[in-house]
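Subject: Structure for you to look at

Hello,

I am passing on the structure we talked about. Please open it first, then read the notes below beside it.

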Amino acid sequence: MSDEEDTARAVKRSRVYYGSLEEKERERLSSEAGKGNDGVKAGIKAGNINISSGETLEMEERVSERQQDALAEFERRRRARQITVSTDDAEVKAGLRALGEPIILFGEGPADRRERLRGVLSVVGPDALKKSRKDEERAKRSQDECQQTWYHEGSAFLKDARLWLAKYSLPRALKRLEAARAQKDVAEATRTMRQQELHKSLRNLNNFCSQIGDDRPISFCHFSPDSKMLATGSWSGLCKLWSVPDCNLIRTLRGHDTNVGSVVFRPQVGVSLDQSDVSLASCAADGSVKLWNLESDEPVADIEGHSDRVSRVSWHPSGRFLGTTCYDNSWRLWDLEVQEEILHQEGHSKGVHDLAFHPDGSLVATGGLDAFGRVWDLRTGRCVVFLEGHLKEIYTLHFSPNGYHLATGSGDNTCKVWEMRNRKCLYTVPAHQNLVSAVRFQPTEGQFLLTGAYDNTAKVWSHPGWTPLKTLAGHEGKVMGVDVSPDGKLIATCSYDRTFKLWLSE
């Protein structure tokens, strides 16, 4: 066979038929109708020949899952190409964070991160980022509204009281500053010598008197302004007045039916007040607050309005106002001249346990179960200092006579000293091994700090320096209250063991 024959070989091609053979079969049958029509009919009738009568069966289009996934991926990529993503890496990270995605993956660069954000948006939709940002802004706006200071209109009595407090406190502040300047002019050697003598006397403190005060634990003690009486409050509901320093019972004040939280003398008692005037105030766990004089063992007045436990009461230095703390998350200020509640102040998220007035009468500090303290300006109503640092509840506060130090005692076993001038914690005293129940500065010059705690002891600390000078041990139960006499000579402690003790330097 030659090469020409090889090249000329015909190529076999496949034939493709289009259309149905049904019409041709009908024509063939019709042409053969006369010939073998009877045989075909018999075959059709027997089911051996099947010819359709024009009926069709539509086959449902079925696409495989793989094809569907491929189509969805193509559609996603198309949407991703249409999405605009910021080129700022910080905005890209913020967008990923808003969508709940990790902002950085290992080995990922800014371009890769941008493509990842684009891919996420192509799945969840480009509006998801806008929606999350709107929700974020709405939450931030509501949070700012919650933190925003708001005011409501006070009574005319409150306005008059604020003006009166400003006129009362400013001259006292001026007098305090003048005394501080005079103290600064004293020679350093003289001041050091006085401090050393004081520390020596404090190290010689001993138990001078111990007295069983009641059948139940004694929760509070307070010296009178003339240092001649001591008031104690007990869980039996009784308040008692004792002579100092011989600890003889003078009078039993009966009026409370449950645990007494505190009983305090009015600042002018024994100095400028008559015995028939209101001389003491006390509070109890049932929300009752009672006022007493020195002539009767029955209360002369009741202060009503508290719906929850009242843990502490305290007199303003002027003696005109009385502050009360309540476990309804608020504290109140009462004006005894108009015999009305002039201020009901909220601000704590949990119960308020204690409050203390500034020596000038311009500020009041409150602390409570939310572990935060607040210092309020009585002349304006603003919270001027926020005390944040304690890990547990604040149970006691006290201002130093110097006017710029505030001590707080807490359930975290520490006592913190706060500097009011820069609004920071000056020092944390690791005071006790249990809850600190009471703190008191020396009332004349603030030369030492006294703390009492549930570890059955009270301790004396130097000020400044905060070094331990003396541990007052002797109580068999937790120390629930401490106080220093206004003349600075005596220290009183009261305890869960139903006794109170007086301590004196030999």
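The axes of helix α5 (residues 89-98) and helix α6 (residues 110-124) come within 10 Å, and they cross at roughly 40°. That angle makes α5 oblique to α6. The crossing of α5 past α6 is left-handed. Keep in mind throughout that this is a predicted model. In general, two packed helices are described by the angle between their axes and the distance between the axes.

Which residues make the contact? On the α5 side they are Asp89, Val92, Lys93, Gly95 and Leu96, and these meet Pro110, Arg113, Arg114, Arg116 and Leu117 in α6. Sorted by class, the contact has four nonpolar residues, one polar residue and five charged residues.

Two of the α5 residues in that list, Asp89 and Lys93, also pair with each other. They form a salt bridge, in which the closest N and O atoms are 3.7 Å apart. Asp89 and Lys93 are four residues apart in helix α5, so about one helical turn separates them. As a general point, side chains of opposite charge can pair when their charged atoms come close. A search of the whole structure finds 16 salt bridges.

What stands opposite Leu230 in β4? The residue there is Trp242.

Another open sheet also has four strands, in the order β6-β7-β8-β9, and its pairing is antiparallel. Its edge strands are β6 (260-265) and β9 (301-303), each of which pairs on one side only. Here the twist averages 20° from one strand to the next.

How many bridges join strand β8 (residues 289-292) to β9? There are three, and the two strands run antiparallel.

Regards

Methods
Residues numbered from 1 in each chain as written. Predicted model: local features only at pLDDT ≥ 70, side-chain atom pairs only at ≥ 80, totals over all residues. Heavy atoms only, no water. Axes fitted to C-alpha atoms, helices over the stretch in contact; angles between N-to-C directions. Parallel < 35°, antiparallel > 145°, perpendicular 65-115°, else oblique. Left-handed = near helix turned anticlockwise from the far one by under 90°. Contact = heavy atoms within 4.5 Å. Nonpolar A, V, L, I, M, F, W, Y, C, P; charged D, E, K, R; others polar. Pairing = 2+ DSSP bridges. Salt bridge = Lys/Arg side-chain N within 4 Å of Asp/Glu carboxyl O.
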